[in-house]
Amino acid sequence: MPYATITGVGAYLPKRVLTNRDLEAMVDTSDEWIITRTGIRERRIVDEAESTSTLGAAAARAALKDAGLKAKDLDLLVVGTTSPDHIFPSTGALIQRLIGARCPAVDVMAACTSFVYALQHATSAVESGRASRVLVVGADALTRYVDFTDRTTCVLFGDGAGAVVLEAADEPGVLGIDLGTDGTGSDVLTIKAGGSAFPCTAERLDGREQYLRMSGSEVFKFAVRVIPETTLRALAASNLSIDDVDWLVPHQANQRILDTVEQRLGIPHNRVFSNIASVGNTSSASIPLALNDLYTDGQLHPGDILVLVGFGAGLTWGAAIVRWTKGSAE
Ligand code: UT7
């Protein structure tokens, strides 16, 4: 059975910056509240010409370049996203066209856990021998679905994309993945209108039902429970313990969530990666963006053990244990 390993990493952030001061002018909030309650200082947001597919395509090109591959070399493209360009066609199809690939392309939707789910699909394809060069993209333009009159959510989210190339290899890279879903929590974090249950009508648009709604404290409690659980399960399945972990690369939703997880796992602070201050919660893009920051900072070394761990609406969660087999970024 071939192993699957990461051979390329790339990311893209839109140029437009939205600071906490900008948000102070839009809703009843303050820079101080946002920083102390979330750790976020600024985030990037798409402009009129951009969308999830354009962000994803930019990250995809960067990851392909890093892997030394062309789009035509790909056997499969898997896109994790929760803010697709359209209901259909898939954002995978749009990214495929933008980068000039010819392989099958598909979207995987598990809200902010989408990237980990997409990585699982890609890993299975490589390990089964059905594909040997797979591009995995995590991309979201969730600010398109954020209600900029709702201070409880609009301060949290930003846009962006990250991507990895996964290739068949002789030595193990992706060691194991733990995934989970609890649909009984599906009401906690939603975008209600726009699908087949609640098609967009003028009435629903007036009620602002096309926007994201969240019970923040419910999600917080869920996150600080499930991140340690899924991390420890995935590590145990890979015959590893928390002491073996060089980098915990968590979904960036709230610095207080990261701090609580750090305490609960008993992992040193300098092994828990955070870039939330500059990007906010970028949903499916969050984990590959974090990975790209670590990589381009020269923080990853061959043999390092990484935990890519996420949680999100659904409710969903997942952790991937990755043994880094690449060198540092050039
Ligand atoms: O990708 C996964 C998605 N989401 C998450 O992971 C989010 C998880 N949850 C959280 O990060 C936190 O629950 C929030 C950041 C969303 C909220 O923080 P909190 O400490 O749980 O605040 P809270 O909801 O308990 O609200 C405390 C107070 C409330 O005022 P009162 O009722 O005490 O007077 C809110 O109305 O803070 C108020 N508040 C704000 N004040 C200023 C809520 N949002 C804001 C705001 N600015 N932006």
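Into which domains is the protein divided? It is divided into domain 1 (3-171) and domain 2 (176-323). These bounds come from an automatic or database domain assignment. Residues are numbered from 1 along each chain as its sequence is written. The model is predicted, so to speak of local features takes pLDDT of at least 70, side-chain atom pairs count only at pLDDT 80 or more, totals for chains, interfaces and linings use all residues, and side-chain values use heavy atoms, with hydrogens and water left out.

Start with the two domains. Their C-alpha centres lie 14 Å apart. In all, 53 residues of domain 1 are in contact with 44 residues of domain 2. Contact here means heavy atoms within 4.5 Å. About 3,700 Å² is buried between domain 1 and domain 2, and carbon and sulfur atoms give 62% of that area. Buried area is the accessible area (1.4 Å probe) that two parts lose on being put together, summed over both. Three residues stand out on the domain 1 side. Cys112, Val116 and Tyr117 supply 16% of the area that domain 1 buries against domain 2, more than any other three residues.

Look at single atoms next. A polar side-chain atom of Thr29 lies 2.7 Å from a nitrogen atom of the ligand. In the side chain of Arg256, an N or O atom is 2.9 Å from an oxygen atom of the ligand. The protein covers 71% of the 950 Å² of accessible area that the ligand has on its own. Accessible areas come from the Shrake-Rupley method with a 1.4 Å probe.

Finish with the backbone. A cis peptide bond joins Phe88 and Pro89, with omega about 5°. Pro89 lies in the loop between β4 (76-80) and α4 (91-99). Another cis bond runs from Gly314 to Leu315, with omega near -5°.

Definitions and conventions: A polar contact is a pair of N or O atoms within 3.5 Å; within protein, one must be able to donate a hydrogen and the other to accept it, and residues adjacent in sequence count only if both atoms are side-chain atoms. Helices (H or I, at least four residues) and strands (E, at least two) are DSSP runs, numbered from the N terminus.
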